[in-house]
Amino acid sequence: MATGRTHRPATRSRGIPEATVARLPLYLRALTALSERSVPTVSSEELAAAAGVNSAKLRKDFSYLGSYGTRGVGYDVEYLVYQISRELGLTQDWPVVIVGIGNLGAALAGYGGFASRGFRVAALIDADPAMTGKPVAGIPVQHSDELEKIIEEDGVSIGVIATPAGVAQQVCDRLVAAGVTSILNFAPTVLSVPDGVDVRKVDLSIELQILAFHEQRKAGEESNADTDAADADTATAATPPAPRGATGGSRKGPDGDVPAVMPA
């Protein structure tokens, strides 16, 4: 089976926008779920809803792949699964190394979704000698001294960094020097890499902080709504009732309208 060192996805050379590339995994996830339920075809509206995008954007994205669906029928689910998988480079084996086998690294090692999506955990690496040889998710941990050798022997082009922030850049530099050209970074720091190396950052604390912002905003909106309602109730209670027979700000006299307040 081919390895990731000799094959790269063709998305950039075909001019597919990065925003579209970022949405392809969302479509693939939704399509895979449909395929598992033996659904043969899907409309753009149904697939867009499942992927969390609007249907016009989906049709535009698929036009970059040369897939336009069939009017009145929709898209062939199995064909789209193949087409997107091929575009993302998932029809081949991508060996991955995970560096840093703490709680997060161990959880990533045990994630069953890698194998089903075209990725093989080739090695688990940790700098702690006490971890060497310890099996995690059925894979023995290897010492970081073996990093370069493992990358070369397994043809690894994707590295996952799950180390503390203080050593993440050093690990990144070693991965790049050894030939890794794509990095998934879970360390809470920004990595500096040369041209030609792609980095995707996953920071769970930042995501939680963004959610906290939205929660605070929603709480503020609810508080403002409650205050506005209370002010309206107070204003209603403070307004004295109009005198019997009075209408608006004037009253009728024998000569027509008479101002409510007469001049002295």
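**Notes on the predicted model**

1. β3 and β4 (residues 119-126) run parallel and are joined by six bridges, where strands are said to pair if DSSP finds at least two bridges between them. β3 also pairs with β7 (residues 158-161) in the parallel sense, over four bridges, and there the bridge partner of V99 is I161.

2. This is a predicted model, in which local features need pLDDT of at least 70 and side-chain atom pairs count only at pLDDT 80 or more, while totals for chains, interfaces and linings use all residues. Residues are numbered from 1 along each chain as its sequence is written, and side-chain values use heavy atoms, with hydrogens and water left out.

3. Strand β3 spans residues 94-99, and six of its six residues are buried (under 20% relative accessible area, with exposed meaning over 50% and partly exposed in between, for a 1.4 Å probe and protein chains only). Both of its faces are covered, with W94, V96 and I98 buried on one side and P95, V97 and V99 buried on the other.

4. The chain has nine helices and 11 strands, taken as DSSP runs numbered from the N terminus (H or I of at least four residues for helices, E of at least two for strands). Of its 264 residues, 34% are buried.

5. The axes of helix α2 (residues 44-51) and helix α3 (residues 55-64) come within 8 Å and cross at roughly 100 degrees; these axes are lines fitted to C-alpha atoms over the stretch in contact, with angles running from 0 to 180 degrees between N-to-C directions. The two helices, α2 and α3, are therefore roughly perpendicular to each other (angles of 65 to 115 degrees, as against under 35 for roughly parallel, over 145 for roughly antiparallel and oblique for the rest). S44, E45, L47 and A48 of α2 meet S55, L58, R59 and F62 of α3 in this contact, which means heavy atoms within 4.5 Å.

6. L191 lies in the loop between β8 (182-185) and β9 (198-201), and counts as buried because its relative accessibility is 12%. Leaving aside neighbours within four places in sequence, L191 is in contact with I161, A168, Q169, C172, I183, N185 and V199. Between L191 and V171 the C-alpha to C-alpha distance is 10.0 Å, at a separation of 20 residues in sequence.
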